[in-house]
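User: Can you walk me through this one? I'm new to reading structures.
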Number of protein chains: 2
Amino acid sequence: MKLTEAKQQFISSWGAFGTQWGIKRTMAQIHALLMVSAEPLTQDDIMEQLNVSRGNVNMNIRDLISWGLVDRVVMQGERKEYFTAEKDTWKVATQIIKERKKRELDPMLKLLSQLEIIEGDKKDKDVKQFIDTVSGIRKFGNQADKMLEMMVKADESWFLGGLLKIFK
Amino acid sequence: MKLTEAKQQFISSWGAFGTQWGIKRTMAQIHALLMVSAEPLTQDDIMEQLNVSRGNVNMNIRDLISWGLVDRVVMQGERKEYFTAEKDTWKVATQIIKERKKRELDPMLKLLSQLEIIEGDKKDKDVKQFIDTVSGIRKFGNQADKMLEMMVKADESWFLGGLLKIFK
DNA sequence: CTGAATTTTCAAAATAAATTGAAAACAATA
DNA sequence: TATTGTTTTCAATTTATTTTGAAAATTCAG
């Protein structure tokens, strides 16, 4: 397979993969493009390579920056802004975990702990089922939260090498 | 807070949470409703409680069954079908992991390993960056795959109790 | 300050995704 | 087998999301 074709397929698949996880297709594609690009790109480069509008690129780039996955790069003597993506997969993954945890998991756990405090007879089977379900999810979520917290603080070699020992 | 209100809020939040992860709002809401319901429900019960159409309920119930999260229940002497959800959070979580792994992660890893085999000078910086990125993601993905594989085989007490020791 | 290059914004348009509802298929009963 | 209750299907519709593109704002050089 030729590089151009492989790039194309990678970008397109990464976009499709992203949508399955609630990430906008174009955002995922821009991210993919920057990850496989050796040099930083301008908005125009991205527009051209992905065939999307200027506004679209601009907004999604800003999102990617807010996710901590893309950085602005100043090229000496150049007027235009350049953009580059973090290439280290471990850093990318932990960054995504960190952000989704902050934006989604933490608020959800906060809500669940509030929902557990409900009026009514704890002997009533509907009340009991509600509390059991919600507290079960909350406990699991809290444990997952702790695990992810430690994961983002750990380093890659732990993940690649040490993890297997856990399961013996 | 009253049970009815809490249920309402749980279902609505679970639906919103789901959409952020690429799950249809109604599917997530049906799942939420069944998880907090002590008794199995019929399609009509669900239609009424969530204010959605028969077709919608039917399709999403089938999806939930295919995800292994909901079961048909035969109520003796009843003509209608009843549905119930797995209530054990650990089982729910591992089931979702198992399915998403099978449907999304595994095919992605398969694709990535194919994309690594590209023609061209490995000294070329674009070729090198492409291979490095793709193989970095693939290696990480494979490790995550292994970890999840073991997780779904482990049991809940391991997760709740034993996991912390890992990080010492 | 002026003007050209560049970035940002956002209402409108296009696209994609989810939902409806009625007809068809199916299942159980008599 | 005919009737009735129930489930399933899917084309049409509605709703939600994403994208566009042109105008406004910003930035920089002279």
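Analyst: Let's begin with a term: a residue is buried when its relative accessible area is under 20%. Also, this is a predicted model.

User: Which residues of H1(A) are buried?

Analyst: The buried ones are Leu3(A), Ala6(A), Lys7(A), Phe10(A), Ile11(A), Ser13(A), Trp14(A), Gly15(A), Phe17(A) and Gly18(A).

User: What covers the buried residues of H1(A)?

Analyst: Helices from both chains take part. The cover includes H2 (25-36) and H3 (43-50) of chain A. It also includes H5 (89-115) and H6 (125-153) of chain B.

User: How many residues does H1 of chain A have, and how far does it reach?

Analyst: H1(A) spans residues 3-20, which makes 18 residues. From first C-alpha to last it reaches 26 Å, close to the 26 Å expected at 1.5 Å a residue.

User: What follows H1(A)?

Analyst: Gly22(A) does, and its phi is positive, near 75°.

User: New topic. At what angle do H2 and H3 of chain B pack?

Analyst: At about 110°, with the axes 11 Å apart. Angles of 65 to 115 degrees count as roughly perpendicular, so H2(B) and H3(B) are roughly perpendicular to each other.

User: Which residues make the contact?

Analyst: H2(B) brings Gln29(B), Ile30(B), Leu33(B) and Leu34(B). H3(B) brings Ile46(B), Gln49(B) and Leu50(B). Five of these contact residues are nonpolar, two are polar and none is charged.

User: Last one. Is Thr94(B) buried or exposed?

Analyst: Thr94(B), in helix H5 of chain B, counts as buried because its relative accessibility is 10%. Setting aside neighbours within four places in sequence, Thr94(B) is in contact with Met151(B) and Val152(B).

How values were computed. Residues numbered from 1 in each chain as written. Chains lettered and ligands numbered in written order. Predicted model: local features only at pLDDT ≥ 70, side-chain atom pairs only at ≥ 80, totals over all residues. Heavy atoms only, no water. Axes fitted to C-alpha atoms, helices over the stretch in contact; angles between N-to-C directions. Helix = DSSP H or I, 4+ residues; strand = E, 2+ residues; numbered from the N terminus. Parallel < 35°, antiparallel > 145°, perpendicular 65-115°, else oblique. Contact = heavy atoms within 4.5 Å. Nonpolar A, V, L, I, M, F, W, Y, C, P; charged D, E, K, R; others polar. Expected span 1.5 Å × (residues − 1). Buried < 20%, exposed > 50% of the residue type's maximum accessible area, 1.4 Å probe, protein only.
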